[in-house]
Every structure is written in C-alpha cells, then in structure tokens.
Amino acid sequence: MKKNRLIPIVLLKDGWVVQSKDFSQYQNLGNPVTTVKRLSEWASDEIIYIDISRGDKYDTRRNDQGYKNRGSFLNIIKDVSDIAFMPITVGGKIRTMKDIEDRLSSGADKICLNSIAINDTKFINQASKEFGSQCIVISIDAKKNLDNHLVYSNGGREITNMTPDEFARIVEDNGAGEILINSIDRDGSGSGYDIPLIEKVADSVSIPVIACGGVGGWDHFSEAFEKTSVDAVAAANVFHYTDQSVYLAKKHLYESGFNVRKPDLIKI
Amino acid sequence: MVKTKICILDYGSGNIRSVYNVIRHLQFDVVVSNNAKEIKNSSHVILPGVGAFPSAMKKIENNIPLDCLENEILDKGKPFLGICVGMQVLADFGNEHESCKGLGWIGGSVNKLSVGSFPLPHIGWNDISIIKQSQIFNGLKDYRDFYYVHSYAFNVKDKNHVLAHTEYGSNFTSIVCKDNIYGFQFHPEKSQRAGQLLLKNFIKLYEKE
C-alpha cells in the first residue's frame with residue numbers, strides 16, 4: 001500500500017538555512033548541506049528545498065563542517081543531492097523552462113512553482129508537458145481574509161482574488177502533479193495546521209495535497225491525517241530544534257497506526 | 001578475472017547522477033559510460049531510466065553498443081540491472097504512446113498501470129510483496145518500502161521471472177529476474193536503506209573474490 005509522507009521543508013536565504021515567521025522574520029540556522037544530511041539520516045520521505053533569497057548572493061561561509069563554499073544555488077542543489085538518497089523538490093525563483101531544466105539536471109527530482117503559477121497558469125501546462133506532471137509541484141500560500149481564504153503571491157506580499165480551492169482546481173487542470181498548501185497566518189506559529197483551509201483544498205482536487213504551515217508538535221501531523229484527505233504532511237521550523245526530529249515524528253505517526261513508512265535512522 | 005566495477009550506462013536519459021552517488025556511497029568502483037571497452041571491463045552493468053519507453057529505446061539504440069552489451073549479458077552472463085524504464089525496456093515490446101520494440105531479454109510487454117480510481121503516475125513510497133525467494137532479499141526484514149515514479153509496468157510472460165509485486169489499484173511487477181538479468185520498477189537510489197540493501201545484494205551476489 002502506498003504510504004503517506006512526512007516531508008521536512010528547508011528554507012534557504014542567501015545560502016543559509018533559515019527559520020521563518022509570518023513570512024517576514026528570518027533566523028539563521030546553519031549550513032544547507034549539513035541540514036539535508038541530517039534529514040536524510042533521519043529517513044525523511046523526501047525534502048522540499050526552497051530558495052527564498054531576494055538577490056543572487058550565496059554564501060555558506062563556514063567551511064569547518066567539511067563542505068566547501070559554493071557560489072550558486074545550483075551548486076548547493078548538487079551538493080545536497082549527493083547525500084540525499086531520497087527525492088528532492090526544489091523551489092524558489094523559477095521563472096523559465098530553463099530554470100526548471102537547470103534544477104532537474106543539478107539533482108532535483110521535482111520542482112515547486114509559486115508566483116509564476118499565479119501570474120501565468122499556461123506555464124504550469126507547458127512545464128508539465130515538457131517534464132511530466134510527476135515533477136511539477138505547485139505551492140499555494142493562503143491567508144484568511146474576512147470569512148474565506150485568499151491566495152497570495154510573491155512570498156505573501158500580494159493579494160489575489162482567488163480562493164485556494166479555486167486555484168487548486170486550476171493548477172490541477174493545467175497538469176500539476178501535487179499541491180503544497182501553506183497557511184501564511186500559521187507560518188512559524190507552532191499552533192497547528194489551518195485544518196479548514198487544508199481540508200478545503202484537499203477535497204477540491206484528486207492530485208496529492210501536502211499540508212504546510214503551523215506545526216508545533218507531532219500531534220499536529222496526526223490531526224491533518226485524521227481530519228483531512230491530505231497525502232502528505234510538511235513542516236519546517238519544528239524539525240530544526242530537536243535531534244532526530246523526523247525520526248521521532250515518524251515514530252509517533254507509525255505507532256499511532258497511521259499509514260507511514262517504518263521510522264528509521266541511517267548512517268550517511 | 002574482472003574485479004568488481006559497476007558500469008552505469010549513459011544514454012542521455014534518467015537519473016544517472018543519483019545512481020552513481022549511491023553506488024559510490026556503497027563504496028564500489030563505478031564508472032558512467034556507454035563505451036564498449038568499459039562495458040567489457042566492468043563486472044556489473046546498470047541501466048537507469050526516466051522517461052517514456054519509445055524515447056528510451058531510441059536513445060539506447062543510438063548510444064549504446066548493443067552487440068557488445070548483449071554479448072556480455074546474454075552470452076557471458078554478466079549481471080545486469082535495469083531501473084524503472086531501464087527495467088521496462090527488457091520486455092519484448094512496450095505500449096506507451098505507440099507500440100515499440102524492446103530489448104526482448106525477458107518475455108512480456110509494458111502496459112499502462114490499471115489503477116482504478118487512483119491517480120497516475122504512481123508516485124511515492126510503496127511496499128513490495130515477495131513472490132519468489134531470492135538472495136537479492138537477504139537482510140531486507142521490515143524495510144520494504146521503495147520509491148516509485150511511473151505510469152506503466154512490465155507484464156511478465158513467465159511468472160517464474162517475477163520476484164516481487166507491488167499493489168497500487170492492482171498488483172504490478174516490481175522486481176523481475178531471469179538468470180543474471182534483474183529489473184527494479186522502483187528507484188533504489190532514492191529508497192534509502194531498502195534500496196541500498198537491494199543494490200548491495202545485487203552487486204555482492206556476483207562479486208568475484
């Protein structure tokens with residue numbers, strides 16, 4: 001039987017792994033390659049790696065961890081894919097077909113689109129035809145607005161007039177393979193997923209939906225699997241502060257009887 | 001006697017980099033090549049693959065010296081492993097987009113998965129059921145989930161060649177084996193402990209001291 005997935009998200013800003021709160025405050029957490037190595041050792045089902053830098057400067061200054069300074073995001077993807085024996089989804093700053101090709105040839109298995117998917121839905125169609133639906137993930141950022149949720153673009157800075165479930169159907173119709181739904185309100189809050197938002201999006205499409213935004217404890221993962229039809233649960237911050245976090249979260253789900261892979265620890 | 005050296009066939013398709021990384025990680029000597037001399041000098045041959053059956057076959061015919069490869073694999077019995085589409089091309093023919101001739105090393109055809117209401121492609125972690133015991137499963141224990149990305153599967157003619165199947169809407173062949181020729185429908189290079197164990201077993205089974 002196909003398993004539900006537990007996916008850590010790694011946010012990268014100017015070459016560093018960061019923690020995000022409200023899409024606006026960032027705290028530096030360290031070297032991107034070391035972080036992915038750990039997530040790989042804790043047997044993550046896959047990872048989502050998102051570049052949220054505004055500029056093009058990549059600096060992983062510390063060389064004391066055995067990884068050399070790499071000047072570009074593509075080189076960082078290459079280094080990461082060398083030690084991640086699991087699928088990698090790469091997102092951030094993808095604007096052209098060439099951007100996709102570059103990321104896939106550097107070791108990404110899937111790519112994740114955000115603003116471009118909102119500005120140009122034809123691009124989703126074109127990308128899924130060229131590279132296959134299986135490697136096109138659309139990330140949707142949503143925020144509560146009076147009574148319903150609305151989609152935001154450009155890293156949460158611009159409001160649109162679409163509801164997330166409307167937009168989810170549009171991206172599915174255009175050939176997207178998966179949807180990552182993220183609550184801006186819950187980002188960095190640790191107060192749990194926005195269940196009504198996640199449920200609405202998961203029920204509106206037949207492609208796999210990944211829940212994101214707000215996880216503060218392992219029970220929040222269980223809650224998403226119990227109350228919604230999501231295929232996968234994702235989180236970022238919560239995985240960074242506990243040793244063996246992914247392993248422990250997986251163990252919690254596995255022992256509670258959820259349909260996940262057996263937890264494992266691997267030496268890499 | 002050829003010492004253990006794995007040749008990953010490079011025909012301009014597929015996940016060569018990650019297959020190379022995992023073999024290196026397992027500490028075996030490995031080369032990526034489509035050169036007849038390298039194929040002859042290696043102890044094992046791996047054919048990775050991502051993409052559609054017809055385009056993979058076309059690239060294989062254009063880039064790989066098939067006479068040499070068939071001589072090494074079919075006549076001399078060198079161990080061979082096909083991954084994903086690299087497994088599917090072992091069939092007599094494939095029915096993806098158009099009917100297309102395969103290598104015909106293992107009898108059968110490649111057809112679209114019959115999945116009922118499940119979405120295609122079949123993407124993600126899924127477990128295997130062992131149909132026929134083999135040393136390739138040595139030490140597998142409870143870690144039986146592998147990572148898949150595909151919409152088509154190999155309908156093997158002789159059921160004796162099926163080592164394992166996987167369920168997604170219906171059962172499909174996930175590991176095929178005929179003598180020294182193996183095929184994995186999943187991606188062992190993306191399947192962490194379980195994937196590395198099967199790769200290691202495949203290499204060790206035919207390792208010469």
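Begin by selecting Q27(B), which is exposed because 8 other C-beta atoms lie within 10 Å; here a residue is called buried if 20 or more other C-beta atoms lie within 10 Å of its own, exposed if 12 or fewer, and partly exposed in between, with C-beta atoms placed from the backbone. This is a predicted model, in which local features need pLDDT of at least 70 and side-chain atom pairs count only at pLDDT 80 or more, while totals for chains, interfaces and linings use all residues. Residues are numbered from 1 along each chain as its sequence is written, and chains are lettered from A and ligands numbered from 1 in the order in which they are written.

With Q27(B) still selected, look at the loop around it, which lies between α1 (16–25) and β2 (30–33) of chain B; helices (H or I, at least four residues) and strands (E, at least two) are DSSP runs, numbered from the N terminus.

Next, show the whole of chain B, which has six helices and 14 strands. Its C-alpha atoms fill a box of roughly 50 × 40 × 30 Å, taken along the principal axes, and buried residues make up 49% of its 209 residues.

Within chain B, select the open sheet of four strands, whose order is β6-β5-β7-β11, with mixed pairing; two strands pair if DSSP finds at least two bridges between them. At its edges are β6 (100–101) and β11 (152–156) of chain B, each of which pairs on one side only. Strand β5 (residues 93–94) of chain B runs parallel to strand β7 (residues 108–112) of chain B, and two bridges join them; to find one of these places, select G94(B), whose bridge partner in β7(B) is V110(B).

Now move to chain A and select β10(A), where six of its six residues are buried. Both of its faces are covered, with E178(A), L180(A) and N182(A) on one side and I179(A), I181(A) and S183(A) on the other. Strand β7 (residues 136–145) of chain A runs parallel to β10(A) and is joined to it by six bridges, and A142(A) stands opposite S183(A) in β10(A). β10(A) also pairs in the parallel sense with strand β11 (residues 209–212) of chain A, over four bridges, and there the bridge partner of I181(A) in β11(A) is A211(A). Follow the chain from β10(A) through helix α7 (residues 195–204) of chain A to β11(A), a β-α-β crossover that is right-handed, meaning that, with the strands pointing away from the viewer, the path from the first strand over the helix to the second runs clockwise.

Keep I181(A) selected and display its surroundings: leaving aside neighbours within four places in sequence, I181(A) is in contact with residues including I140(A), P164(A), L197(A) and V209(A), where contact means that the C-beta atoms of two residues, placed from the backbone, lie within 7 Å.

Is G175(A) buried or partly exposed? G175(A) is partly exposed, because 17 other C-beta atoms lie within 10 Å. Not counting residues up to four places away in sequence, G175(A) touches I124(A), N125(A), S128(A), K129(A), S133(A) and I136(A).

Finally, show both chains together, where 19 residues of chain A are in contact with 23 residues of chain B.
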